[in-house]
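Subject: The structure for you to look at

Hi,

Here is the structure I said I would pass on.

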Amino acid sequence: MKIKLLLIFLLVFSGKISIAQYKPIPRDTTYNVKKVHSQIKRDYPYAIPVPDQTPANVTESRDLIYAHLPETPFGPRDLHLDIFRPKKKGKYPALLMIHGGGWRSGEKSMQVPLAQLIANKGFVTIPVEYQLSLEAPYPAAVHNIKAAIRWVKAHAQEFDIDTTKMAISGCSAGGHLASLVGLTGGISRFEGTMGNHLGISSKLQAIVDIDGVINFLAPSSLNLERKSDSPDAAWLGGVFLEKPLVWKEASPAYWITEKSVPMLFLNSGYSRFHAGQDELIGQYKEWGIYQEVHQFNVKVHPFWLFHPWADESAQYMADFLKKVL
């Protein structure tokens, strides 16, 4: 026994056996429904967190693996998504849904209640997990979401999805990501090499941005006082003066064209989360591309997490998607 242990010791330290030791993925759990509710309930006592409750006429598939990352600083990594779809057989439009949290916090489960409400209105809804900034900085999250789109298209028949009618939505940082992903379909620098379906297009037919920044360089965004570890700077690898081209590249506003897809904006009462939106809408109007804006005049940034605003949000989204898809 002692001889065996000695041989293993010698082999390890001679480099002939490598034992991988990985650190756990760092998690920021500061953004969650319970905390937000505690912050708003004094001013909005009628606000009720939307429960995770799948409707009777909706079927669910949770934690499906859409991509495997064999090598990361934290070891092999699987990325997951959930699918909610009507039980009645048919072909349905699909909506990929991206959670918020300043690109460093939150999780896909926070999109599930809204996904359930929209699936109940005749859509396949798909909350998506992506790598947050403490694990991987920009553009990893963009590449993750593009891989999720390709995976969904490859498995469309299995989940009753009409691939000609696919959209993306997101909330806060997720709204920014949804806009960036939706406006850069087919642009190689944003596609990445993740997943097993690289030959499938990531183009989509519509975008829903819920309180997500459109332009990091717009005054109401750029004029904010920031520290080096502020959520956007940490995700983008530095403050604007250090990474100006990255800040521009990651701004959805710079990727709109005359061929861009329709967009719906759902806004809270905080204008800074709409940075760059007015200019984009002006260009959309000039090009005759359909767009809608609905304002929730409440000082609650993540209004979509609570009744009564979640019900209104789901209805606005369903009506918009039925109109443009």
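Below are my notes on helix packing, pockets and a few backbone details.

Before you start, this is a predicted model, so local features need pLDDT of at least 70 and side-chain atom pairs count only at pLDDT 80 or more, while totals for chains, interfaces and linings use all residues. Residues are numbered from 1 along each chain as its sequence is written, and side-chain values use heavy atoms, with hydrogens and water left out.

**Helices**

Two packed helices are described by the angle between their axes and the distance between the axes. Helices are DSSP runs of H or I with at least four residues, strands are runs of E with at least two, and both are numbered from the N terminus. Axes are lines fitted to C-alpha atoms (for helices, over the stretch in contact), with angles from 0 to 180 degrees between N-to-C directions.

Start with α3 (residues 112-119) and α11 (residues 309-324): their axes come within 9 Å and cross at roughly 50°. That makes α3 oblique to α11 (under 35 degrees is roughly parallel, over 145 roughly antiparallel, 65 to 115 roughly perpendicular, and the rest oblique). On the α3 side, the contact (heavy atoms within 4.5 Å) uses L114, L117 and I118, and on the α11 side A310, D311, S313, A314 and M317. These residues of the contact split into six nonpolar, one polar and one charged. Here Ala, Val, Leu, Ile, Met, Phe, Trp, Tyr, Cys and Pro count as nonpolar, Asp, Glu, Lys and Arg as charged, and the others, Gly among them, as polar.

Next, α4 and α5 pack at about 65° with axes 10 Å apart, again in a right-handed crossing. A141, V142, I145, K146 and I149 of α4 meet L177, L180 and V181 of α5. That contact has seven nonpolar residues, no polar ones and one charged.

**Pockets**

A pocket is an open set of points on a 1 Å grid over the protein atoms alone, where a 1.4 Å probe fits, with protein on both sides within 12 Å along at least five of seven lines; lining residues have an atom within 4 Å of a point. Points are joined across faces, edges and corners, and a volume is the space filled by probe spheres set on them.

The largest pocket has a volume of about 780 Å³. Its lining has 34 residues, with G102, S172, R272, F273 and H301 nearest the centre. α2 gives the most to this lining, with four residues. By class, the lining has 13 nonpolar, 13 polar and eight charged residues.

The second largest pocket has a volume of about 290 Å³. It is lined by 17 residues, and R27, G106, E107, K108 and L132 are the closest to its centre.

**Backbone**

Which residues does a cis peptide bond join? One joins Y138 and P139, with omega about 5°, and P139 sits in the loop between β5 and α4. The bond from H307 to P308 is also cis, with omega near 10°. Finally, D63, in strand β2, has a positive phi near 55° although D63 is not a glycine.

Cheers

How values were computed: Left-handed = near helix turned anticlockwise from the far one by under 90°.
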